[in-house]
Amino acid sequence: MSRTDPPPGQYQRLTKRAGIPGEQRAERVFRGIAVSPGVAIGPVFGTSEPDPVITRHKIQAADIASEGARLEAAIAQSRKQLTKLRGRLSVLPEESQSEIAPLIEAYLRMLGPSRLVRGVRRRIEETLLSAESAVMVESEAIADAILDQADPGLTAEDLASLRRRADEILEIGRRLVRNLTRAPFRSFAGLPEGAILVSEALRPADAALLDPARLAGVATDEGGAEGHTAVMLRALGVPAVLGAAGLAHAIRPGDTVVLDGSSGAVVLNPGPLTLLSARRAVTAFARERQKYARLRRLPAETQDGEPVELQANLELPIELPLVAQSGAVGIGLLRTEFLFMNRETVPDEASQAESYRAIVEAMNGDPVTIRVLDWGGEKEIEALSAAGIVPEISDTNPALGMRGIRLLLRRIELFETQLAAILRAAVAGPVRVLLPMVTNVAEVRAAREVYERVGRRLRRRGERLPEKLPPMGIMIETPGAALSADALALEADFFAIGTNDLTAYTLAVDRGESDVAALYDPIHPAVLRLVQFATEAALRMRMPVSVCGEMAADPRLTPLLLGLGLRSFSMNAAAVPRVKQAVRAVGIDDCARFARRVMDQSDPEKIAELVSGFGRPRMP
Ligand code: PEP
Ligand code: MG
């Protein structure tokens with residue numbers, strides 16, 4: 001298990017200290033963030049990139065033109081590197097291609113006439129900064145401005161998306177600085193087969209250079225679960241732990257590493273017992289993978305043959321490959337907020353239509369439920385405030401203020417534009433329109449009037465549309481909507497039960513407030529009764545009803561939800577195989593009996609006990 005030396009002239013280091021031959025080093029455990037499942041055992045391969053050294057910060061006024069020319073040359077070189085990287089993508093697995101390709105496009109856009117490039121030029125001209133200093137200062141300022149939007153009310157996903165965006169800006173800044181200072185880039189040319197790559201940090205563009213067939217795993221000191229690098233590594237199927245602080249500095253040539261991409265543990269120089277259990281875990285993981293791969297092709301149906309629809313929730317188009325892998329049949333909730341975030345203007349009809357159409361086409365005939373913009377509450381969107389479409393959220397209680405469908409009905413142009421874009425995409429495949437945060441019948445009627453008007457207008461304009469307007473359904477995510485479900489069922493074409501907000505509003509518990517997190521209980525009897533009431537109202541009308549909140553992703557709750565009569569669930573793509581397994585393990589009659597027992601309870605603790613005991617033999 002020895003490391004191949006790097007080719008001469010290439011910057012690579014394992015560690016500056018050499019290992020002493022024959023020296024037995026003690027086992028050390030590092031803890032990081034588990035980002036890509038799987039257990040790997042292998043020789044360590046360390047690689048890092050020295051920080052570029054910036055020696056010149058200020059310039060003379062007479063140097064502005066030449067400094068501008070250096071910047072242009074660095075931009076051109078960066079574009080060339082990224083274009084070359086894009087050309088290399090075809091050798092990667094399809095899922096990784098669709099992860100990294102949009103990212104490279106985003107980098108290339110930033111190197112065009114972007115806010116970043118404009119800001120850098122301004123700093124060179126107005127504050128006489130050298131090109132590299134101007135790039136550093138400007139990219140950090142933009143990243144800080146993005147991260148400043150991260151208030152504690154944001155969802156974890158929204159926070160992750162802000163962090164990703166800030167990382168993208170910093171990353172393109174680093175590339176420009178590296179090219180300006182002629183600092184070398186990392187290379188993986190000497191990576192031996194079966195090695196575990198250890199580094200202080202790994203960029204998404206670096207991850208694109210990895211060959212998953214040769215690499216056993218990846219561990220880094222920095223990085224998090226939501227970044228592009230993490231998504232890339234998951235798409236490549238490489239077991240990985242990021243954020244294992246101190247690891248890169250501790251390794252020496254010849255060390256062995258055991259890495260558990262499910263628990264986040266990295267063991268340096270494992271002892272015989274650790275190695276033995278790691279080898280067992282490698283075998284068990286391989287079996288599990290095979291099982292899930294087989295599951296993907298098996299139907300989602302209960303033991304007695306009742307078909308169940310399992311769909312995916314989509315936050316960002318980059319998750320599409322995961323949806324394809326998961327075995328989900330369609331998208332049950334496309335959150336469209338991503339189109340409006342991190343930008344200075346509101347996207348127009350054509351660009352929205354293009355985004356929706358790309359997703360509908362990618363789903364290849366499987367249905368896509370597109371939820372119109374759910375702005376407000378914890379989801380503040382910069383573009384809407386910047387364009388003056390809505391004021392900064394100023395309500396004393398934004399969760400109860402101007403949000404979701406209320407906002408869209410108040411800002412009709414915004415609503416009409418989005419509906420028109422969705423209708424234009426609906427010729428590419430089956431689509432449904434979903435309204436967020438409905439609380440009363442009048443909202444649905446008003447929304448339908450707008451919808452039909454937009455349809456007529458598009459037809460007059462000669463736009464190609466489906467013969468019949470796609471179904472328009474509503475989220476059941478407020479107690480008001482759940483308790484009016486019988487009346488709402490007369491107006492809506494389908495229900496999607498959003499148990500995340502339904503739980504929050506029913507129990508008066510903020511979704512992101514850690515102090516009251518223990519009270520956030522989706523199986524509280526009050527929440528379950530609302531789910532039951534809404535489900536029964538829909539079933540009486542023979543109207544489609546699904547659950548698309550996080551509850552749908554918890555396989556322990558699958559029997560209960562089936563027992564309440566639900567047959568359609570939408571969840572994060574990764575949860576689909578687990579839930580499918582839960583569906584295939586039960587019979588509908590058992591589920592119905594179980595749901596009756598649960599619904600007889602009014603004590604939340606008793607319900608939790610019943611749920612965790614489902615399927616276990618009952619004591620006499
Ligand atoms: C919900 O509230 O359950 C839901 C699915 O919507 P979101 O999480 O986007 O608010
Ligand atoms: Mg919601």
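Trainee: Does E477 count as buried or exposed, and at what relative accessibility?

Mentor: This is a predicted model, in which local features need pLDDT of at least 70, side-chain atom pairs count only at pLDDT 80 or more, and totals for chains, interfaces and linings use all residues. Residues are numbered from 1 along each chain as its sequence is written, chains are lettered from A and ligands numbered from 1 in the order in which they are written, and side-chain values use heavy atoms, with hydrogens and water left out. Buried means under 20% relative accessible area, exposed over 50%, and partly exposed in between (1.4 Å probe, protein chains only). E477 therefore counts as buried, its relative accessibility being 2%.

Trainee: Which residues coordinate the magnesium ion (ligand 2)?

Mentor: Donors are N, O and S atoms within 2.8 Å of the metal (3.2 Å for Na, K and Ca); water is not among the atoms, so sites may look incomplete. At 2.0 to 2.1 Å, the magnesium ion (ligand 2) is coordinated by the OE of E477 and the OD of D501.

Trainee: Where in the chain do E477 and D501 lie, and how many residues apart are they?

Mentor: Helices (H or I, at least four residues) and strands (E, at least two) are DSSP runs, numbered from the N terminus. E477 belongs to the loop between β13 (472–476) and α16 (479–483), whereas D501 is in helix α18 (residues 499–507). The pair thus links distant parts of the chain, 24 residues apart.

Trainee: Which side chain forms a polar contact with that of S568?

Mentor: S568 is placed in strand β16 (residues 568–572) and is buried, with a relative accessible area of 8%. A polar contact is a pair of N or O atoms within 3.5 Å; within protein, one must be able to donate a hydrogen and the other to accept it, and residues adjacent in sequence count only if both atoms are side-chain atoms. At 2.7 Å, the partner of S568 is the side chain of E309.

Trainee: What is the relative accessibility of N269, a residue with positive phi?

Mentor: N269 is not a glycine, yet its phi is about 50°. It is in the loop between β8 (265–268) and α9 (272–297). N269 counts as buried, at a relative accessibility of 13%.

Trainee: What is the average pLDDT of the protein?

Mentor: The term pLDDT denotes the predictor's confidence in each residue, from 0 to 100. Of the residues, 91% score at least 70, and the protein averages a pLDDT of 87.
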